[in-house]
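Here is a set of questions that test structural labels against their criteria. Each answer sets a value beside its cut-off and concludes.

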Amino acid sequence: MSTSFRRKAAAVTFAVLALSLAGGGIALAQPSAKAPQEAVQPAARGTNSQPPVTAESARMAKAALKSGAATKLAATATSVVVVNSNGTKARGVGTVIKYGVGQYEVQFGYVVTSSVIVATVGRADACCIPPAGEISVAPRLSTPNGVFVQTRNSAGTPTDLGFHLVVHLP
């Protein structure tokens with residue numbers, strides 16, 4: 001029995017020694033200096049803030065809410081709008097305002113703050129596949145019936161891209 005105990009003790013000792021060396025080797029393999037911040041995180045993608053609401057935009061939003069034609073119909077409705085890269089509406093409902101490169105606002109005749117908002121980069125025609133890019137959507141600040149849309153190319157640079165926007169009120 002003492003022989004098997006000695007063999008087990010030796011095996012455990014070698015296992016502990018091997019793990020210690022392996023752990024030390026891993027620790028030695030770690031870089032001694034920290035990587036520069038640029039290498040750790042991708043380049044900034046510009047600003048994530050929305051541009052300020054203009055007086056004209058606020059006036060248009062209030063007018064759309066006052067008209068209220070879609071308010072009763074939109075209780076559980078889905079609205080779709082297709083926007084060209086230059087900010088003109090190709091089809092669908094809503095008013096489109098272009099703020100700057102890759103920055104758009106779409107206003108509806110009802111409050112959209114509790115809705116589901118989905119967008120994708122796309123073209124208005126059936127011609128071709130749209131250029132590669134990224135799109136972000138958010139409720140428009142200080143405009144309860146507006147949606148803010150931001151488009152970028154694949155490198156993260158703001159770019160004018162056409163898009164399809166779907167707003168669904170549950």
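Q: Which 4 strands form an open sheet with E3 in it, and what is the pairing?
A: This is a predicted model. In it, E3, E4, E7 and E6 form an open sheet in that order, and the pairing is antiparallel.

Q: What makes E3 and E6 the edges of this sheet?
A: Strand E3 (95-100) and strand E6 (134-139) each have a single partner strand, so one side of each has no neighbour in the sheet. From one strand to the next, the twist averages 20°.

Q: How do you know that E3 and E4 pair?
A: Pairing needs at least two bridges. E3 and strand E4 (residues 103-107) are joined by 5 bridges and run antiparallel. The pair therefore meets the criterion. Val96 stands opposite Val106 in E4.

Q: What is the strand order of the open sheet that contains E8?
A: The order is E2-E1-E8-E5, an open sheet of 4 strands with antiparallel pairing. Strand E2 (89-92) and strand E5 (116-121) are its edge strands, each pairing on one side only. Neighbouring strands here are turned by 15° against each other on average, direction ignored.

Q: How do you know that E5 and E8 pair?
A: Between E5 and strand E8 (residues 163-168) there are 6 bridges, in the antiparallel sense. The cut-off is at least two bridges, so the two strands count as paired. The bridge partner of Val116 is His168, in E8.

Q: What makes E1 and E2 a pair?
A: 3 bridges join strand E1 (residues 78-83) to E2, and the two run antiparallel. At least two are required, so the pair qualifies. Val83 stands opposite Lys89 in E2. The hairpin of E1 and E2 has 5 residues between the strands, and Gly87 in this hairpin takes a positive phi near 95°.

Q: What is the phi of Ser142, and where is the residue placed?
A: Ser142 has a positive phi of about 60°, although it is not a glycine. Most residues other than glycine have a negative phi. Ser142 sits in the loop between E6 and strand E7 (146-152).

Q: Why is Ser142 called exposed?
A: The relative accessible area of Ser142 is 73%. Exposed means over 50%, so the label holds.

Q: Why is Glu105 called buried?
A: Buried means under 20% relative accessible area. Glu105, found in strand E4, has 0% and is therefore buried.

Q: How do you know that the side chains of Glu105 and Gln107 are joined by a polar contact?
A: The contact is 2.8 Å. The limit for N or O atoms is within 3.5 Å, so the distance passes. Leaving out residues up to four places away in sequence, Glu105 also touches others, including Ser57, Tyr99, Arg140 and Val147.

Q: Why is Val93 called partly exposed?
A: Val93 has a relative accessible area of 42%. Buried is under 20% and exposed is over 50%, so this value falls in between. Val93 lies in the loop between E2 and E3. Not counting residues up to four places away in sequence, it touches Ser79, Val80, Val81 and Phe108. Val93 and Gln107 are 14 residues apart in sequence and 8.8 Å apart in space, C-alpha to C-alpha.

Q: Which residues have the most contacts inside the largest nonpolar core?
A: They are Val106, Phe108, Val147, Phe163, Leu165 and Val167, in a core of 16 residues. E1, E4, E5, E7 and E8 each give two or more residues to this core. E8 gives the most, with 3 residues.

Q: What is Phe163 in contact with, beyond its neighbours within four places in sequence?
A: Its contacts include Val81, Tyr104, Val106, Val121, Ile135 and Val149.

Q: How many helices and strands does the chain have, and in what pattern?
A: There are 3 helices and 8 strands. Along the sequence the pattern is α-α-α-β-β-β-β-β-β-β-β.

Q: What share of the chain is buried?
A: Buried residues make up 26% of the 170 residues. The chain exposes about 10,700 Å², and carbon and sulfur atoms supply 64% of it.

Notes:
Residues numbered from 1 in each chain as written. Predicted model: local features only at pLDDT ≥ 70, side-chain atom pairs only at ≥ 80, totals over all residues. Heavy atoms only, no water. Buried < 20%, exposed > 50% of the residue type's maximum accessible area, 1.4 Å probe, protein only. Areas by Shrake-Rupley, 256 points an atom, 1.4 Å probe, with all protein chains shown as cover. Axes fitted to C-alpha atoms, helices over the stretch in contact; angles between N-to-C directions. Core = buried A, V, L, I, M, F, W, Y, C linked by side-chain atoms within 4.5 Å. Contact = heavy atoms within 4.5 Å. Polar contact = N/O pair within 3.5 Å; in protein donor to acceptor, adjacent residues only side chain to side chain.
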